[in-house]
Amino acid sequence: MTKDPSFWRPLIRERAVLNTIFIRRMKNAYLLLIFLAANLTVGKGQESPAQWTFGAETGFYFIPDAFFVLPVFRADKDHWHLEGRYNYEDQQTASAWFGYNLYGGDEFEFFITPMVGGVFGNTNGIAPGLEVTLGYKGFELYSEAEYLFDFDSADNNYLYNWADLTYAPLDWLWFGLSTQRTRTYDTGLDIQRGLILGGGWKNWEVSGYFYNPGTDDFFTMVALGVAF
């Protein structure tokens, strides 16, 4: 079901009004989060990393009649954040990111990273983005969003968002809900909705995503991650 990138051009024009409303709402929410984070000090629950820490995650997408891999690499040192992605904004497209980490909290913890990235490949452009992690007593909300400004045409600008809400009854086990809005692959739904089941061992994590259950657009994704 993966389509050539040109397939998306007329669809994006039809969704322009929806995108504008959605972007305004998300922009206001994210600006509020950044303002709150910038006015809080680092809490006891969040320690400032003295050295660079690295993480890699690969998503394996099993879509009917298609399969692709989406790797992501991250590097952090204190407030500084670097990130690289492939097959995220579009098929055969890479992106490189630079961001600034804001974090803190004790019982309630937050980690917020505003950033900017360059996109190149089948799609070329620049994108401001935001990654947010909020945690409280085993519950965690994770969201990563970006707005792509396409160099070829403003009609191809697009909002991406991935959000997970999970609960961990044990340190090594979690489950929850997930949503995605992307144009990397094509289904009949504008927003993909799914379930998550994951587990971890030492510095390894694996999660299974089951999107659009009960519909003809059902597919699965397995994410394998490691921190070092």
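Of the 228 residues of the chain, 44% count as buried, where buried denotes a relative accessible area under 20%, exposed one over 50%, and partly exposed anything in between (1.4 Å probe, protein chains only). The structure is a predicted model, in which local features need a pLDDT of at least 70 and side-chain atom pairs count only at pLDDT 80 or more, whereas totals for chains, interfaces and linings use all residues. Residues are numbered from 1 along each chain as its sequence is written, and side-chain values use heavy atoms, with hydrogens and water left out.

The chain has 2 helices and 13 strands, these elements being DSSP runs numbered from the N terminus (H or I over at least four residues for helices, E over at least two for strands). The accessible surface comes to about 12100 Å², of which 64% belongs to carbon and sulfur atoms, as computed by the Shrake-Rupley method with a 1.4 Å probe, only the protein chains shown counting as cover for residues. Among the contacts with a separation of 6 or more, 46% involve residues 24 or more positions apart, a contact meaning heavy atoms within 4.5 Å.

The pairing of strands was examined around S4 (residues 93-100). This strand and S3 (residues 80-86) pair in the antiparallel sense over 7 bridges, pairing being assigned if DSSP finds at least two bridges between two strands. Within the hairpin of S3 and S4, 6 residues lie between the strands, and Asn87 takes a positive phi near 65°. S4 is also joined by 7 bridges to strand S6 (residues 108-121), again in an antiparallel arrangement. Trp97 of S4 is the bridge partner of Glu83, and in S6 the bridge partner of Trp97 is Gly117.

The largest nonpolar core contains 15 residues, of which Tyr61, Ile63 and Tyr209 touch the most other members; such a core is a set of buried Ala, Val, Leu, Ile, Met, Phe, Trp, Tyr and Cys residues joined through side-chain atoms within 4.5 Å. At least two residues of this core are supplied by each of the strands S1 (53-63), S2 (66-77), S12 (204-211) and S13 (219-227), and S2 gives the most, with 4 residues. When neighbours within four places in sequence are left aside, the contacts of Tyr61 are Ala66, Phe67, Phe68, Leu70, Gln180, Tyr185, Phe219, Thr220 and Met221. A second, separate core of 7 residues includes Trp97, Met115, Val119 and Ala127.

On the surface, a nonpolar patch is formed by Trp52, Phe54, Phe73, Trp80, Leu82, Phe98, Tyr100, Val116, Ile126, Phe149, Phe151 and Phe228, which together have about 1200 Å² of accessible area. Patches consist of residues with over 30% relative accessible area and no salt bridge, like charges being joined within 9 Å and nonpolar side chains (Val, Leu, Ile, Met, Phe, Trp, Tyr) within 5 Å. The elements that give two or more residues to the nonpolar patch are S3 and S4. Val116 lies in strand S6 and is partly exposed, with a relative accessible area of 40%.

Side chains of opposite charge can pair when their charged atoms come close. The count comes to 10 salt bridges, each defined as a side-chain nitrogen of Lys or Arg within 4 Å of a carboxyl oxygen of Asp or Glu. Glu131 counts as buried, at 7% relative accessibility. Arg74 also forms a salt bridge with Glu144, with the closest N and O atoms 3.4 Å apart, and this pair links distant parts of the chain, since Glu144 lies in strand S8 (residues 139-150), 70 residues from Arg74. Both Arg74 and Glu144 are buried.

A further salt bridge joins the side chains of Arg183 and Asp150 (3.7 Å, N to O). Because Arg183 lies in the loop between strand S10 (173-181) and strand S11 (192-201) and Asp150 in strand S8, this pair ties together parts that are 33 residues apart in sequence. Arg183 and Asp150 are both buried. Salt bridges that share partners join Arg74, Glu83, Arg85, Glu89, Glu131, Glu144 and Glu146 into one network.
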